[in-house]
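Welcome, and please take a moment with the sequence and the model.

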Amino acid sequence: MTVGTETDFLGQTPAVAKRWQVVAASATGVSHSRRGGGNEDAHLSASLLDGTLILAVSDGAGSARFASQASQLAVHGIIEYLGCSSLPDSEAGWRRHLARGLKTIRSSFAATAGPGYRRRDYACTLLLVVLRPETLVALQIGDGCIVAQRGSEELIRLTRPFHGTYAGETTFVTSPRAPRRAQVTILPAGDISGLALMSDGLEPLAMNLATQVPHPPFFTPLFHFAALPDKSILQKCQELGAFLGSERINARTHDDKTLLLAVP
Amino acid sequence: MSELDLVQLAENPDPRAPCLLLLDTSGSMMGKPIRALNEGLQAFQQDVMNDDLAKRRVEVAIVSFGKGGVRTMQDFTTVENWTPAELRAGGSTPLGEALRRGLRLLRERKDLYKQAGLQYYRPWMFLITDGEPTDDWEEAAKQAKREDSHRGLLFFAVGAEGANMDRLAQIVPKDRPPLKLKGLQFAELFLWLSQSQQSVSHSRVGDQLALPPIGWADVST
């Protein structure tokens, strides 16, 4: 289990970061533990000096040889990239920006691997939220899902994962088609009251897969929990990690599970 | 008690991994071979049952060709609901008709998945024979290869002792040549199939699924 707390990017605590709390955890799937493997998911969040909050989750593909390095490089790489560039406003602008961000991520894969670099060894997904005072941007490559809570309890799925004809087929950041297949959603940020990013291991437990609608009895208690005032963020991250590694979750999914919650 | 105990999990049906077995039960399988084949099916069922996810996801159907002509011995059912019926040997080898029956069963199953909104993995069609077709097989083989090339299914063939391997090579896709079973290692073959189906039913693939190593076939073919 790994727990994550918010990382202050560039060392300061700006206004938005004070308002938003990030509670995140990740638990290794039982099929990975059984094979002696580790957790291949990664998550990271950061607040920029101008008040932008960035949330990222990545899921290394089971078929990728360096899946856990890939997901770590992906979340660090994209946050570093976004932190050092001016952010676009339009969907087309974000698509171009994302394409450049993915290029830097792939360069970091190649640099880490050295001469024997093979794309498929670093296949991973990427889920990303960029929250500014005015707008919310959700970007996704591959499976998993991003859900927002609006107002007191309305839940909206922000991205629709690419699913091929068959179960288990998806797109990874290493695919040349990734920027085109990326899901990009831009919304006004004003009434957003909660954000959840999760790797695909949790999808069948959090969503109605036939209708693609978020399952309210899953999300509502989680957002409530993340916003509890009398617990520290570290404590909440630990509790969330225990929840993700619990028997009742492992009975339903053998995959790695990562959940990142953000609440004002 | 933690607030997280209040979180309720959504219920979704498991995605299905269909696996269709086309099994030769012609006269030449009589005696030891048919016994080994039946034991292999038992081993397959027991091994998948050890995987609590795969037993709900892997769906088996069996079409036999030989004794009694072409028979749907088992229509698609999840492994946890499957009791392998004993196969008996006798008669000729109507492989072509078995292929047509198999393709039809697969088509019907896929339609059912779509109607029910179930996700499913690419179906496997697994042919085992110890002879060569005694009926028209060309059209059916062409159809099977066409569906395979359009990613509609994955077609594998295994030749047991006595199989016409050259003919079998004409039946399956060129890029997936038939494998020659070592002796009567049906149990090993079906354990491999079980492990493969367990991988499939847990898989998420952007490119290729790594299958377990094949120990039950002669490498010379």
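Two strands count as paired if DSSP finds at least two bridges between them. Helices and strands are themselves DSSP runs, numbered from the N terminus: a helix (H or I) has at least four residues and a strand (E) at least two. With that in hand, here is one pair to look up: B:F126 stands opposite B:F156 in β5(B).

Before going on, a word on conventions. This is a predicted model, in which local features need pLDDT of at least 70 and side-chain atom pairs count only at pLDDT 80 or more, while totals for chains, interfaces and linings use all residues. Residues are numbered from 1 along each chain as its sequence is written, and chains are lettered from A and ligands numbered from 1 in the order in which they are written.

## The sheet of chain B

Chain B has 6 helices and 7 strands. Along the sequence they follow the pattern β-α-α-β-β-α-β-α-β-α-β-α-β. The radius of gyration, taken over C-alpha atoms, is compared here with a globule rule of 2.2 Å times the number of residues to the power 0.38. For chain B the radius is 18 Å, close to the 17 Å that the rule gives for 221 residues, so the chain is as compact as a globular protein of that length. Its C-alpha atoms fill a box of roughly 65 × 35 × 35 Å along the principal axes.

In what order do the 7 strands of the open sheet in chain B lie? The order is β3-β2-β1-β4-β5-β6-β7, with mixed pairing. At the edges stand β3 (69–78) and β7 (217–218) of chain B, each with a single partner strand, so one side of each has no neighbour in the sheet. Strands of a sheet pair through backbone hydrogen bonds, either parallel or antiparallel.

| Strand pair | Bridges | Direction |
|---|---|---|
| β1(B) and β2(B) | 9 bridges | parallel |
| β1(B) and β4(B) | 5 bridges | parallel |
| β4(B) and β5(B) | 6 bridges | parallel |

To find these pairings by residue, look for B:D24, whose bridge partner in β2(B) is B:F65. On the β4(B) side, B:L23 has B:I128 as its bridge partner.

Is strand β1 (residues 17–25) of chain B largely enclosed or open? A residue is buried if 20 or more other C-beta atoms, placed from the backbone, lie within 10 Å of its own, exposed if 12 or fewer, and partly exposed in between. By that count 9 of the 9 residues of β1(B) are buried, so the strand is largely enclosed by the rest of the structure. B:A17, B:C19, B:L21, B:L23 and B:T25 point one way from the strand, and B:P18, B:L20, B:L22 and B:D24 point the other way. Across the whole of chain B, buried residues make up 48% of the 221 residues.

## Helices of chain B

Axes are lines fitted to C-alpha atoms, for helices over the stretch in contact, and angles run from 0 to 180 degrees between N-to-C directions. Helix α6 (residues 186–202) of chain B lies across β1, β2, β4, β5 and β6 (179–181), running at about 160° to β1(B).

Helices α3 (residues 95–116) and α4 (residues 138–149) of chain B pack at an angle of about 35°, with their axes 9 Å apart. Residues are in contact if their C-beta atoms, placed from the backbone, lie within 7 Å. Here B:G96, B:L99, B:R100 and B:L103 of α3(B) meet B:A140, B:A141, B:Q143, B:A144 and B:E147 of α4(B). By class, this contact has 5 nonpolar, 2 polar and 2 charged residues. Ala, Val, Leu, Ile, Met, Phe, Trp, Tyr, Cys and Pro count as nonpolar, Asp, Glu, Lys and Arg as charged, and the others, Gly among them, as polar.

## Where the chains meet

25 residues of chain B are in contact with 34 residues of chain A. The chain B side of that contact divides into 12 nonpolar, 9 polar and 4 charged residues.

## Two loop residues

Most residues other than glycine have a negative phi. B:R151, in the loop between α4 and β5 (154–159) of chain B, has a positive phi near 65°. B:R151 counts as exposed because it has 12 C-beta neighbours inside 10 Å. In chain A, the phi of A:Q212 is also positive, near 65°. A:Q212 has 13 such neighbours inside 10 Å, so it counts as partly exposed.

Technical notes:
Two residues are in contact if their C-beta atoms, placed from the backbone, lie within 7 Å.
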